[in-house]
Amino acid sequence: MRNNNGLTGFLKRLFQRIPHLTSADPYRVYREIPMEIAIYDTQGKYKFVNKLYGGDDKVTRRLLGRTDDFYAKIKGINGDSLQKRRQYFLQILEEKKVIQFTEKLHFPGKNQTLYYKRIFQPLFSEHDPQELRGVCLFGNSLTFIVQAQKELKYLVYHDKLTGLKNREAFFDEVDQMLIDTDRGEVLGAILMCDLDNFKTVNDQYGHKIADFCLKEIAQRISKLIRKSDQVFRVGGDEYSIVLRNLNHEYDASRVAEKILHEVSKPLKILDYTINYLSMSIGIVVIPKDGKERDVLIQNATFALKNAKKVKISDFQFFSEELTKTSMARLELENNLRKVVNENIFENQFEVYYQPIVEKGNDGSYAIIGCEALLRWHNPDLGEVSPAIFIPVAEDTDLIGPIGDWVLYKAINDFKSVAAKVSHPLYISVNFSAKQMRAPHIVSKVEGIIENTHIKPENLHLEITETSLLDEEQQVLENINALEKLGLRIAIDDFGVGFASLKYLQKFPVSIIKIDRSFIKHINLSHDHQKLVESIIILGKNLNKEIIAEGVENFEHLQMLNTQNCHKYQGFLFSKPLQLHQFEKLLTGDYPFANIEKLPNILENTLNLKN
Ligand code: C2E
Ligand code: MG
Ligand code: MG
């Protein structure tokens, strides 16, 4: 008691020493200061409470001489939320040093939580600086800041459009899942999902409708998954789903199946019905498919890309086999990029030439042209087939520079050999869809023609049917312009794509090269025979030149002759040859001029194959 009275006197003296506005109430400044102030004696009883801390005058008065338990009761604070304060109070009594802490007070009646920054300041006796007389509590509300932080966190972690959590939150969730897995939590999975055909919605209906689709898909997925699972929007039309506590991998495939089903249901927006949207999904299982976030996401993305490649609107689990393929592809891409970036085409690339042969009216056969076929000799990978590296070049931006190099090289080689023969000859160069789509391709080809002085009619460009299907308008314009330059356009591998009669009429192509898969069976299957026959009739009716690819044996040749096809390319005549071999073949007596009369045709062919 003495002690407490002592504290009151001590406080009085303390406050009186500080200038104040009126001497009538020496505490006035402290009562009204916009900061919470309370002073306890060493028993934890309030000796002074200012307005902001106590609330109104009545409460402030009632608090004096009482402890925090009474404070909690009168304010409606859950007593447990004062636990931290109680601990620090005991600590300051012992250590007698300033303590700072944050306090989270819960008010169950109002269902409200408020946050405070608190400082406990020890108050010592005037006479003995070691003697603790009381503890002063200062406080400021942090609620506003915490709220702002929460809002900021919401903004940082959520996608504005769909309200789903975003990529950042997804990364955090995967990290957390890996921590939980370390602690022994069981199987989880990540589903990387990508909408198919979303670009079409954007092009056809515009951004507003497309945004609506994204929202609707987000809702459909959210409704399907359990509370413990989470869905995130991680990119334009990409979502990812984290599944926790699975019993079996199979559970992940069940979820994927349900999502595929739900997403492909028609979407009704305003007056439109969109019924072609679907989703492809790549799945990784945790921890089996990776123990780091980046690896898991990369693997899930591999699986997704593969799922799309095989068949859209399907899901696929990641497998080691898949990585091997992808790693091999990556290595290939890096090597190819090196050739382009370091401009070492001459070191690793070579163009081979395969003769294109025609049967003349007199029954003899002659070389009328050749197809340029690229070969890649890589020091690390060995010989890589164009059937493997050209698609990689097409998928990346590498086909442009590679295509340019082939075109220059092939034309220059061709000019050197064509000058040595008296009959007309042409060179046919493969052109990928991406090249044909490039906006400046026409002026580029025009420049090459001017630089190399090749006669335009001696240059043929081979494009596949699929290039005609892609971005029709640009391709149509380019093909028209190239044809106007005097070049001739051939449709390569005809029959395997989806080009219909419509395309043959629409595009100014003058040559059709029948794919070798049809020729291969022409002497074995009646159906193939009929098919080839109809392509030939159709082509001729449309005034197109027909070349049969993959003519490998005498039966093929005879069959084609009876069907009125007289231009050929294939191993029967020659495999693709290095420039000097091709030149030798051209400038010598042509061994196949009278091929039908040759007795050992195959042996002769073999001589030229190597
Ligand atoms: P393609 O344009 O259809 O070329 C014909 C392919 O068939 C060549 O394969 C050739 O070696 C092969 N071939 C020719 N006659 C026969 C035969 O009697 N039997 C068999 N089984 N095959 C025969 P290659 O050289 O491996 O080229 C594959 C594909 O790679 C080419 O098919 C073409 O699409 C692409 N390609 C090659 N070089 C280039 C290029 O410089 N640019 C572009 N964009 N693509 C190229
Ligand atoms: Mg070709
Ligand atoms: Mg072909």
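Student: How many disulfides are there, if a disulfide is a pair of cysteine sulfur atoms within 2.5 Å?

Tutor: A disulfide is a covalent bond between the sulfur atoms of two cysteines. Cys 193 is in no disulfide, since its nearest cysteine sulfur, that of Cys 213, is 16 Å away, and the sulfur of Cys 213, whose closest cysteine sulfur is the one in Cys 193, is therefore too far for a bond. By the rule of 2.5 Å, the count of disulfides comes to zero.

Student: Before we go on, what kind of model is this, and how is it numbered?

Tutor: This is a predicted model, in which local features need pLDDT of at least 70 and side-chain atom pairs count only at pLDDT 80 or more, while totals for chains, interfaces and linings use all residues. Residues are numbered from 1 along each chain as its sequence is written, chains are lettered from A and ligands numbered from 1 in the order in which they are written, and side-chain values use heavy atoms, with hydrogens and water left out.

Student: What is the relative accessible area of Cys 213, and is that residue buried or exposed?

Tutor: Buried means under 20% relative accessible area, exposed means over 50%, and partly exposed lies in between, with a 1.4 Å probe and protein chains only. Cys 193 is buried at 1%, and Cys 213 is also buried, with a relative accessible area of 0%.

Student: Which residue stands opposite Phe 120 in E5?

Tutor: Strands (E, at least two residues) and helices (H or I, at least four) are DSSP runs numbered from the N terminus, and two strands pair if DSSP finds at least two bridges between them. Strand E3 (residues 99-107) pairs with strand E4 (residues 112-124) in the antiparallel sense over nine bridges, and there Phe 101 stands opposite Arg 118. E4 pairs in the antiparallel sense with strand E5 (residues 132-141) too, over nine bridges, and in that pairing the residue opposite Phe 120 is Leu 137.

Student: Which residue takes a positive phi in the hairpin of E3 and E4?

Tutor: This hairpin has four residues between the strands. The residue with a positive phi, near 50°, is Asn 111.

Student: Which residue bridges the magnesium ion (ligand 3) and the magnesium ion (ligand 2)?

Tutor: Donors are N, O and S atoms within 2.8 Å of the metal (3.2 Å for Na, K and Ca), and water is not among the atoms, so sites may look incomplete. The magnesium ion (ligand 3) is coordinated at 2.0 to 2.5 Å by Asp 492 (OD), Asp 493 (OD), Glu 549 (OE) and Glu 549 (OE), with the spacing D-D-x55-E along the chain. Asp 493 in strand E18 (residues 488-494) and Glu 549 in the loop between strand E20 (545-548) and helix H24 (554-562) are 56 residues apart. The two ions lie 3.9 Å apart, and the residue that bridges them is Asp 492.

Student: Is Glu 549 buried or exposed?

Tutor: Asp 493 has 25% relative accessibility and therefore counts as partly exposed. Glu 549 has 9% relative accessibility, so Glu 549 counts as buried.

Student: How much of the accessible area of ligand 1 does the protein cover?

Tutor: There are 21 residues around ligand 1, counting a residue if one of its heavy atoms lies within 4 Å, and among those that come nearest are Glu 371 and Arg 516. For polar contacts (pairs of N or O atoms within 3.5 Å; within protein, one must be able to donate a hydrogen and the other to accept it, and residues adjacent in sequence count only if both atoms are side-chain atoms), a polar side-chain atom of Gln 354 lies 3.0 Å from a nitrogen atom of ligand 1, and a side-chain N or O atom of Glu 371 is 2.8 Å from an oxygen atom of ligand 1. By the Shrake-Rupley method with a 1.4 Å probe, where for residues only the protein chains shown count as cover, ligand 1 has 790 Å² of accessible area on its own, of which the protein covers 84%.

Student: Which backbone oxygen does the side chain of Thr 181 reach?

Tutor: Thr 181 is found in helix H8 (residues 167-182), and it is buried, with a relative accessible area of 17%. At 2.5 Å, its side chain reaches the backbone oxygen of Met 177.
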